Amino acid sequence: MAHPSQLGFQDAASPVMEELLHFHDHALMIVFLISTFVLYIIVAMVSTKLTNSYILDSQEIEIIWTILPAVILILIALPSLRILYLMDEINDPHLTIKAMGHQWYWSYEYTDYEELGFDSYMIPTQDLAPGQFRLLEADHRMVVPVESPIRVLVSAEDVLHSWAVPALGVKMDAVPGRLNQTAFIASRPGVFYGQCSEICGANHSFMPIVVEAVPLEHFENWSSLMLQDS
């Protein structure tokens with residue numbers, strides 16, 4: 001859960017998000033090194049009147065400043081491509097959930113069960129219980145088991161939406177007439193919040209996503225109760 005004046009990312013709740021955080025730190029260190037080096041060169045050029053004919057006209061230096069940026073780009077590109085393939089990898093999911101975007105709420109259908117599905121609306125501010133978050137709480141949470149591969153099929157009923165949960169490292173566009181898929185593994189129990197990340201109309205800010213990760217035994221009890229109610 002993000003908090004006011006937070007500068008970094010939310011704590012990772014999935015292996016993919018942990019990889020994304022590591023890549024962010026890796027790329028940021030490279031940016032810091034380049035920025036420091038460029039700043040030093042600028043200060044040195046401005047503050048000194050000395051010149052060196054070897055530096056002004058040198059084949060070796062031209063080779064270095066051509067090859068070095070290419071090496072830096074490779075050091076950034078290889079980890080990035082690795083994470084891209086990891087994010088697309090969906091191997092033997094234990095549970096498949098279909099998330100449909102509507103104006104302006106989400107509906108979830110657990111396709112491995114016959115009749116397990118519900119709509120998820122934002123809880124109005126006046127109905128919030130103490131400790132609940134404004135604009136982020138939903139009347140029905142998407143409940144998933146911990147440490148299980150979850151596949152999410154994402155689509156939309158009317159306009160473009162985007163199903164995004166930052167702590168899980170998941171963001172997938174919901175396009176009418178098209179079925180996109182993404183996957184995640186919740187590495188610890190908890191409640192993880194997200195919001196629609198595609199401008200979808202007047203109430204775009206009022207369709208939150210709440211994912212609750214629970215132990216498998218609790219998930220089975222929850223699904224049994226939901227099936228009995230339906």
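This is a predicted model: local features need pLDDT of at least 70, side-chain atom pairs count only at pLDDT 80 or more; totals for chains, interfaces and linings use all residues.
View 1. For residues 92-225, UniProt lists "domain: Cytochrome oxidase subunit II copper A binding", in an unreviewed entry.

**View 2. The division into two domains.** The protein is divided into domain 1, which covers residues 15-88, and domain 2, which covers residues 95-229. Between the C-alpha centres of domain 1 and domain 2 the distance is 40 Å.

**View 3. The interface between domain 1 and domain 2.** Where the two domains touch, six residues of domain 1 are in contact with six residues of domain 2. The size of an interface is often given as the accessible area lost when the parts come together. Domain 1 and domain 2 bury about 380 Å² between them, and 56% of this area is on carbon and sulfur atoms. On the side of domain 1, the residues that lose the most area to domain 2 are Pro-15, Met-17 and Met-87, which together account for 81% of what that side buries.

**View 4. What the domain 1 side of the interface is made of.** Between domain 1 and domain 2 there are zero salt bridges, and the rule finds zero residue pairs in polar contact across their interface, counting pairs with both residues at pLDDT 80 or more. Helix H1, formed by residues 15-47, gives the most to the side of domain 1 that touches domain 2, contributing five residues. Sorted by class, that side of domain 1 has five nonpolar residues, one charged residue and no polar ones.

**View 5. The two annotated transmembrane regions.** UniProt, again in an unreviewed entry, places the feature "transmembrane region" at residues 27-51 and at residues 63-85. The span of residues 27-51 is 84% helix and 0% strand, with its end C-alpha atoms 34 Å apart. Residues 63-85 are 100% helix and 0% strand, and the C-alpha atoms at the ends of this span lie 33 Å apart.

View 6. Side chains of opposite charge can pair when their charged atoms come close. Because Arg-82 lies in helix H3 (residues 59-88) and Glu-19 in helix H1, the pair ties together parts that are 63 residues apart in sequence.

View 7. The peptide bond that runs from Gln-103 to Trp-104 is cis, with omega near 0°, and Trp-104 lies in the loop between strand S1 (95-102) and strand S2 (105-110). Ser-5, found in the segment before H1, has a phi near 65°, which is a positive value in a residue other than glycine.

Notes: Residues are numbered from 1 along each chain as its sequence is written. Side-chain values use heavy atoms; hydrogens and water are left out. Domain bounds come from an automatic or database domain assignment. Contact means heavy atoms within 4.5 Å. Buried area is the accessible area (1.4 Å probe) that two parts lose on being put together, summed over both. A salt bridge is a side-chain nitrogen of Lys or Arg within 4 Å of a carboxyl oxygen of Asp or Glu. A polar contact is a pair of N or O atoms within 3.5 Å; within protein, one must be able to donate a hydrogen and the other to accept it, and residues adjacent in sequence count only if both atoms are side-chain atoms. Helices (H or I, at least four residues) and strands (E, at least two) are DSSP runs, numbered from the N terminus. Ala, Val, Leu, Ile, Met, Phe, Trp, Tyr, Cys and Pro count as nonpolar, Asp, Glu, Lys and Arg as charged, and the others, Gly among them, as polar. UniProt positions are given in the numbering used here, feature names are shortened, and annotations may be inferred rather than shown by experiment.
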